[in-house]
Structure formats: C-alpha cells, structure tokens
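User: I'm new to this one and would like a walk through it. Can we start once it's on screen?

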Amino acid sequence: MFFTMWLVIGAGMLTLLIAAMGTQKKDTCKDLAIVIKGVRSDDFFLDEADILKLLKVATKGKIKGQPKEAFDLQRMEELLESNQWVKDAQIYFDSRNVLHVTVTEREPVARVFTVNGRSFYFDDQAQMMGLSEKLSTRLPVFTGFPDKKMVGSFDSLLMKDIVKTALFISSNPFWSSQVAQINIDLSCGAGCREMEMIPMIGNHVVKVGDGESIESKFNRLFVFYKQVLSKSGFDKYKSIDVRFDGQVVAAKSENPKVDSVQLRKNVEKLLKQIKEMEELNEKQALLPTPTPMTPVMPSVDSSKENLESDEEQPERAVVEPRQPEKREGNKTKNNKDRDKKSPEPVKKRPRAVMSKRNQ
C-alpha cells in the first residue's frame, strides 16, 4: 500500500516535469513582425533589414526559436532608439509568442551645410542626423552653419531658428517653391543670429534676421511681392529687409536688369500662385467655424504695411503710390472726401408699432 502511494506520486511528478518541459519549449519566439512608421508612407530611411540587424545585436544571435526569457525588451528598445533615424521603438510579445517591433522614424525638416561644406539633417527637435545613402528628400536648405564639434547655447538658439523657419517654409506651398536657400550670416557679431533668404525668382536678397516672428516676416514679404515687385519687376531691388516689425525696407539695384522672357514666365507663375492662395484664403474666411491655424497669407491691407526704401527721396517710389491709400475706418481718404460732397441717405427704421395720431 505504501509502495503503491509513492509510485503514484512519482508518476505525477514525472508528468508535471514533462509538462513543464513542454511548456518551456512552447515559450519561445515563434515569429517576428516589424512595422516602420513615418511621415512618408512609401519611402523610409530604414528598412526591415536594418531593424533586424540591430535586434540580432541585442539578442546576440538569432531571434526565432529563442526562449522568451532570453529577450531583454527594454534593452532592445534602447538599442533601436540609439540609431539616429529612430525616434521611438516599442517591442512586445503577443499571446501567440510573436515578437512585435514598431519603429517610428525621425523626420528631417532641414538640410544644413556648414561653413566647411559638411552636410547633415535637422529633425523637428533640432536633432542632428547624418545623410542617408538609401533616400534623399527635398527640404529647405540652410548654408553657413558654424562647423563646431561642441554645441553651445548660442548654437542651440540658432538650431531652433533653423527648425522654426524650415517648418514654416515646408508648410507653405508658395514659399516652398520660391525659397532657394537660407544663408546664415554670423559676421554681425557675437550673439547675433542673422538669416538671408535667396529666392528662386529675382536677384534680390531678403534679410530675415532670426527665427522670431518668422511667419509675420514672410507675410510682409508676400504683400511686398504682390503689391510692388509684381509691377516693378523682380530685379529692381537688390535687397529687401523684413527684420523689423511692421516694415519692409527695400534697396534698389544700381543697374537693374530687364526681365527676360523666362523670368517673365516665372513671375507670371508666381503671381498665379499668389492668386490661388488669395482665393483659398477667401474660401477659408467664409467657413462657419474658422480654423485656429494662422492663415497662409495675411489680409492684404496696405495701411498696415510700412513699405519703405533706404534710398534718397527720389528713390522712394515704393511708398509714394501708397500715400493716397491711407485708411480711416473702412474708407480711404479720397472716398471720404467724395462722401462729404454727396453723402448717401441714412436709412431709418420706421416705427411700425405706434399708429399715427389724428390731428
């Protein structure tokens, strides 16, 4: 009887041991699923082979068939995120023992060239990234960045200016096609952050300054393009300064060139883009609930813009045509004088409630 009881216990322990061994054999990585996310849905700077290579470094060998306990998921995520193109990595096992790896790529927003010709990308967090051999992308180009190994506080501010300016240009179809490059000028002294925009159309240079109020600066430049350069020509001025709030200061070229046929075509294309943007803004203004985003183009109200020239008085042709357009309320000065001579009758609301008394 006693022997029989121990035999039953021994058989039960053997069964449990075999079951445990079977369970341990089942708790292995059955498969691998890799997902790469990014702004672009078709092209990525990384591929599955790159992710698999990094994972094998973390697991020190093959992935499929290894016990789950051999995977240090946190270390694997950290290893993936150490790659310059990986912004975030999430790794987990599902109920079927499939290892899921989801990688979110960093998105470059600006192509930067240093004073010595070295080139790299900035993402939206001002993170430096080297160029990729697999993929190149069209981005706003910035030149003249200081070539330093150590980044100081001043360089951090400059990097933020670059990112802010690049994001604005990329979000605006008009400026994406008009801006050729942004040059960084550090010759103004210590702590001075100056940027100059080189346009695709025209031989002028636009002094932008730092990245503060960058949208307002480009909006003033947009108004100047529409109201002045579209009539005078895009080669009449050698420089346009939008650094100061509420002003556009333009310096005329000494020997302005006559617009060529191709330049005329480019200008016509530019003006067509301006018209399309105006129509788009008008449609947005008619929406019942306006969006919280700042409009792409400001309302073209010439009274709010101070367009000046830094030449002598004879060279102030930029602003002279604008003097009659001073506004008072919703009327121009000329319209006000005309209204004094022939005022429109003011409509009064009739008193329909009270009946007229009899005499």
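User: What does the charged end of Lys68 sit over?

Analyst: The ring of Phe93, with the charged end 5.3 Å from the ring's centre. A charge sits over a ring if NZ of Lys or CZ of Arg is within 6 Å of the ring centre and within 35 degrees of the ring normal. This is a predicted model: local features need pLDDT of at least 70, side-chain atom pairs count only at pLDDT 80 or more, and totals for chains, interfaces and linings use all residues. Residues are numbered from 1 along each chain as its sequence is written, and side-chain values use heavy atoms, with hydrogens and water left out.

User: How many aromatic pairs are there in the whole structure?

Analyst: A search finds 14. Rings of Phe, Tyr and Trp (its six-membered ring) pair if their centres lie within 6.5 Å; planes under 30 degrees apart are stacked, over 60 edge-to-face, and the rest tilted. Trp85 and Tyr121 are an edge-to-face pair, because their planes are at 65°, with centres 6.1 Å apart.

User: Are Trp85 and Tyr121 buried or exposed?

Analyst: Both are buried. Buried means under 20% relative accessible area, exposed over 50%, and partly exposed in between (1.4 Å probe, protein chains only). Phe122 and Phe145 also pair edge-to-face, at 5.9 Å centre to centre and 80° between the planes. Phe122 is in strand β5 and Phe145 in strand β7, so this pair ties together parts 23 residues apart in sequence. Helices (H or I, at least four residues) and strands (E, at least two) are DSSP runs, numbered from the N terminus.

User: Why is strand β7 called largely enclosed?

Analyst: Because four of its five residues, in the run 141-145, are buried. Strand β7 pairs in the parallel sense with β4 (residues 108-114) over three bridges, and also in the parallel sense with β8 (residues 179-185) over two bridges. Two strands pair if DSSP finds at least two bridges between them. Arg111 stands opposite Val141 in β7, and Thr143 stands opposite Asn183 in β8.

User: Different topic. Which residues touch the most other members of the largest nonpolar core?

Analyst: Trp175, Met197, Phe218 and Tyr225, out of 42 residues. Helix α6 (residues 214-232) gives the most to this core, with eight residues. A nonpolar core is a set of buried Ala, Val, Leu, Ile, Met, Phe, Trp, Tyr and Cys residues joined through side-chain atoms within 4.5 Å.

User: What is Phe218 in contact with?

Analyst: Leaving aside neighbours within four places in sequence, its contacts (heavy atoms within 4.5 Å) include Thr165, Phe168 and Trp175.
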